[in-house]
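Dear colleague,

I am handing over the structure below for your work. My notes on it follow, arranged by topic.

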Amino acid sequence: NRDLSGTRVTSRDCKPIAIFNGNNLTLVPNSATSDQDCIFEQAMPIHSWGKKFIVTSSLDRNNDYVKITSAADNNEIYKNGTRLCTLNTGQSYSFELRSWDQSCYIEASQSCAVYLYNTSSNGSNTGAPSMLWIAPVEQRIDAITFSTFNYNHNNVNIANHYVNIIVETQDIDQVYLDGTLLDADLFSPVTGNSDYSFYRKNISHGVH
């Protein structure tokens with residue numbers, strides 16, 4: 001009942017600001033019974049939103065949740081070619097991305113924002129709840145350097161690190177990770193759009 005999704009924030013005189021989403025202590029989903037935690041992610045400006053998204057589920061975890069928020073009225077949302085809903089400005093729609101689904105393709109008639117939510121452990125899951133901005137396909141890039149986050153305190157240790165890689169299917173034989181060419185056979189077609197493929201991999205802690 002305190003969901004602020006769809007709230008429009010602007011700055012006086014167009015001065016630059018940063019906005020962050022999250023919750024200081026929450027369960028994902030609300031029905032979970034264990035593993036409350038803080039979730040935190042920067043909010044992107046509307047010009048960074050898009051109409052096409054590829055979402056991949058998290059490796060070695062239970063189901064994830066996907067949340068879509070619309071920037072315009074009469075926004076028709078499709079998942080793998082099937083219509084999910086029509087959203088107006090500021091409205092949101094959520095669905096569960098099951099671990100065995102592994103991927104999905106989202107397309108909208110108007111601009112929208114998409115976030116992925118990792119679920120609470122709830123007694124069986126690995127890891128804690130978190131949220132992740134899903135960049136639209138229109139903003140894909142050719143190269144990136146990233147670092148994993150490590151934490152070891154009070155008998156809590158982040159021992160597992162993962163990366164999800166999404167590329168055009170025609171390029172699966174040209175993907176390098178840490179200078180090593182990845183085997184094209186490791187990639188799987190994205191459900192709902194075989195023009196793209198993905199690979200989920202366990203990686204070491206550090207810079208990649």
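This is a predicted model: local features need pLDDT of at least 70, side-chain atom pairs count only at pLDDT 80 or more; totals for chains, interfaces and linings use all residues.

**Salt bridges**

The structure holds 3 salt bridges. In one of them, the side chain of Asp-3 meets that of Lys-67, with 2.6 Å from N to O. Because Asp-3 belongs to the segment before strand 1 and Lys-67 to strand 4, this pair ties together parts that are 64 residues apart in sequence.

Arg-98 counts as partly exposed, at 37% relative accessibility.

Glu-168 forms a salt bridge with Arg-140, and the closest N and O atoms are 3.0 Å apart. This pair links distant parts of the chain, 28 residues apart: Glu-168 is in strand 12, and Arg-140 is in the loop between strand 9 (130–133) and strand 10 (152–153). Glu-168 counts as partly exposed, its relative accessibility being 23%.

**Nonpolar cores**

Which residues have the most contacts inside the largest nonpolar core? They are Val-55, Val-66, Ile-68, Ile-77, Ile-106 and Val-114, in a core of 16 residues. Two or more residues come from each of strand 3, strand 4, strand 6, strand 7 (92–97) and strand 8 (103–118). Strand 8 gives the most to this core, with 6 residues.

Val-55 illustrates the surroundings within this region. Leaving aside neighbours within four places in sequence, Val-55 is in contact with Val-66, Leu-97, Gln-102, Ser-103, Cys-104, Ile-106, Val-114, Leu-116 and Ile-134.

An open sheet is formed by 3 strands in the order 12-16-15, with antiparallel pairing. Strand 12 (161–168) and strand 15 (188–190) stand at the edges and have a single partner strand each, so one side of each is left without a neighbour in the sheet. On average, neighbouring strands of this sheet are turned by 40° against each other, direction ignored. Strand 15 is joined to strand 16 (residues 193–203) by 3 bridges, and the two run antiparallel. Within this pairing, Val-190 stands opposite Asn-193 in strand 16.

Strand 5 and strand 6 (residues 82–87) also run antiparallel, joined by 5 bridges. The bridge partner of Asn-75 in strand 6 is Leu-87. These two strands form a hairpin with 2 residues between them, and there Asn-80 takes a positive phi near 55°.

**Backbone geometry**

Most residues other than glycine have a negative phi, and most peptide bonds are trans. Against that background, several positions deserve a remark.

- The peptide bond from Val-28 to Pro-29 is cis, with omega near -5°. Pro-29 is found in the loop between strand 1 (19–26) and strand 2 (37–43).
- Asp-60, a residue other than glycine, has a positive phi near 60°. Asp-60 is in the loop between strand 3 (50–56) and strand 4 (64–70).
- Asn-74 is not a glycine, yet its phi is positive, at about 55°. Asn-74 is found in the loop between strand 4 and strand 5 (75–79). With a relative accessible area of 57%, Asn-74 is exposed.

**Thr-26**

Is Thr-26 buried or exposed? Thr-26 counts as buried, at 12% relative accessibility. Thr-26 is found in strand 1. Residues up to four places away in sequence not counted, Thr-26 touches Asp-35, Gln-36, Asp-37, Ile-39, Ser-120 and Pro-129. Thr-26 and Ser-99 are 73 residues apart in sequence, and their C-alpha atoms are 21 Å apart in space.

Yours sincerely

Terms used:
Residues are numbered from 1 along each chain as its sequence is written. Side-chain values use heavy atoms; hydrogens and water are left out. Two strands pair if DSSP finds at least two bridges between them. Helices (H or I, at least four residues) and strands (E, at least two) are DSSP runs, numbered from the N terminus. Axes are lines fitted to C-alpha atoms, for helices over the stretch in contact, and angles run from 0 to 180 degrees between N-to-C directions. Buried means under 20% relative accessible area, exposed over 50%, partly exposed in between (1.4 Å probe, protein chains only). Contact means heavy atoms within 4.5 Å. A salt bridge is a side-chain nitrogen of Lys or Arg within 4 Å of a carboxyl oxygen of Asp or Glu. A nonpolar core is a set of buried Ala, Val, Leu, Ile, Met, Phe, Trp, Tyr and Cys residues joined through side-chain atoms within 4.5 Å.
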